[in-house]
Amino acid sequence: MKRFVASLLVLLLSIAALSSQEQKRLAVQYSTFDALSAGLYDTNFEIGQLRQYGDSGLGTFENLDGEMILLDGSFFQIKADGNAFAVSDSVKTPFANVCIFKQDIEIPIKKDMTFTEIKNEIMNSLPSKNAIYAIRIEGRFKTMTTRSVPAQETPFLPLADVLKQQQKIRKVLRMRGDIVGFYFPPMMKGICIENIHMHFIAADKKSGGHVLDFVIEVGNIRIGEMKEFLLLMPQTETFRKLDFKAASKAGESAMKSEADTKLPKADEKKAVK
Ligand SMILES: [Zn+2]
């Protein structure tokens with residue numbers, strides 16, 4: 001009986017812990033954008049450690065080996081060629097954002113809308129530009145342009161240089177899928193990726209990447225406000241010794257590389273039905 005009461009107590013406590021975290025609306029991040037931009041792709045942090053904090057998220061992997069998306073509790077790795085794979089909890093990440101997704105706002109998409117139009121729609125619907133928001137978009141896309149990056153070797157190049165020299169861009173036509181994204185306010189620049197950042201995975205979970213552009217024809221946008229932010233500080237020597245003044249410049253260069261990315265025209269042959 002005692003054992004039963006004890007296990008019941010443990011069960012109730014864990015339910016209470018999870019529900020209080022849901023109520024908290026907690027956005028959790030491992031490492032900082034400036035650290036990643038400066039080339040801190042080394043890590044000792046396993047993605048399994050993020051499970052307790054969320055079912056929805058994005059990031060990258062050890063050695064910058066592709067893009068990460070966490071969708072409904074499953075982690076996927078999208079390699080440089082755009083192909084996606086389910087990954088185990090023991091895989092490591094040098095940068096990630098996760099949360100338990102809770103929806104406050106839903107916006108149906110009933111006509112063709114570009115990436116820019118969707119971003120404007122989201123920005124116009126945010127109750128405050130100074131809060132953090134988790135974003136989910138599900139739908140059918142006329143075009144989807146994503147990028148991913150290949151694994152790096154030491155000495156690591158800064159993120160801006162990897163993007164300029166090695167990012168692989170892929171544009172596909174007619175594809176259903178899901179986007180996980182976040183909006184972080186400008187005041188969190190340096191720590192977080194400011195403004196809207198999104199990763200995509202196809203409905204068949206076989207491809208995806210960091211979203212650069214799209215046209216969506218039907219679907220919906222869901223947005224949930226986060227009320228707390230938890231930064232998990234990397235326990236690595238590289239992080240502890242990093243010159244964050246220089247890293248801040250690396251962060252700005254990475255944002256510029258992203259903004260300067262030239263988007264390809266549609267290649268019908270690569271279309272996925
Ligand atoms: Zn990304």
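Colleague: In what order do the strands of the open sheet come, and what is the pairing?

Modeller: Strands of a sheet pair through backbone hydrogen bonds, either parallel or antiparallel. Here 7 strands form an open sheet in the order 5-4-3-2-6-1-13, with mixed pairing. Strands (E, at least two residues) and helices (H or I, at least four) are DSSP runs numbered from the N terminus, and two strands pair if DSSP finds at least two bridges between them. This is a predicted model: local features need pLDDT of at least 70, side-chain atom pairs count only at pLDDT 80 or more, and totals for chains, interfaces and linings use all residues. Residues are numbered from 1 along each chain as its sequence is written.

Colleague: Which strands are the edge strands?

Modeller: Strand 5 (84-86) and strand 13 (228-232), each of which pairs on one side only. Strand 5 pairs with strand 4 (residues 74-78) in the antiparallel sense over 3 bridges. Within that pair, Gln77 stands opposite Phe85.

Colleague: Which residues have the most contacts inside the largest nonpolar core?

Modeller: In soluble globular proteins, nonpolar side chains tend to be buried together. A nonpolar core is a set of buried Ala, Val, Leu, Ile, Met, Phe, Trp, Tyr and Cys residues joined through C-beta atoms within 7 Å. A residue is buried if 20 or more other C-beta atoms lie within 10 Å of its own, exposed if 12 or fewer, and partly exposed in between, with C-beta atoms placed from the backbone. The largest core has 68 residues, and Ile69, Leu70, Cys99, Tyr133 and Ile135 have the most contacts inside it. Contact requires C-beta atoms, placed from the backbone, within 7 Å. Not counting residues up to four places away in sequence, the residues that Cys99 touches include Leu26, Val28, Ala134 and Met226.

Colleague: Which residues of helix 6 are buried, and which are exposed on the other side?

Modeller: Ala247, Ala250, Gly251 and Ala254 are buried. They fall within an arc of 105° seen down the axis of helix 6, so they line one face of the helix; the arc is that of the directions from the helix axis to the C-beta atoms. On the other side, Lys245, Ala246, Ala259 and Asp260 are exposed.

Colleague: What do the buried residues of helix 6 pack against?

Modeller: Helix 2 (33-37) and helix 4 (159-166). Leu159 is found in helix 4 and counts as buried because it has 29 C-beta neighbours inside 10 Å. Leaving aside neighbours within four places in sequence, Leu159 is in contact with Leu36, Ser37, Gly39, Ala250 and Ala254.

Methods
Contact = placed C-beta atoms within 7 Å.
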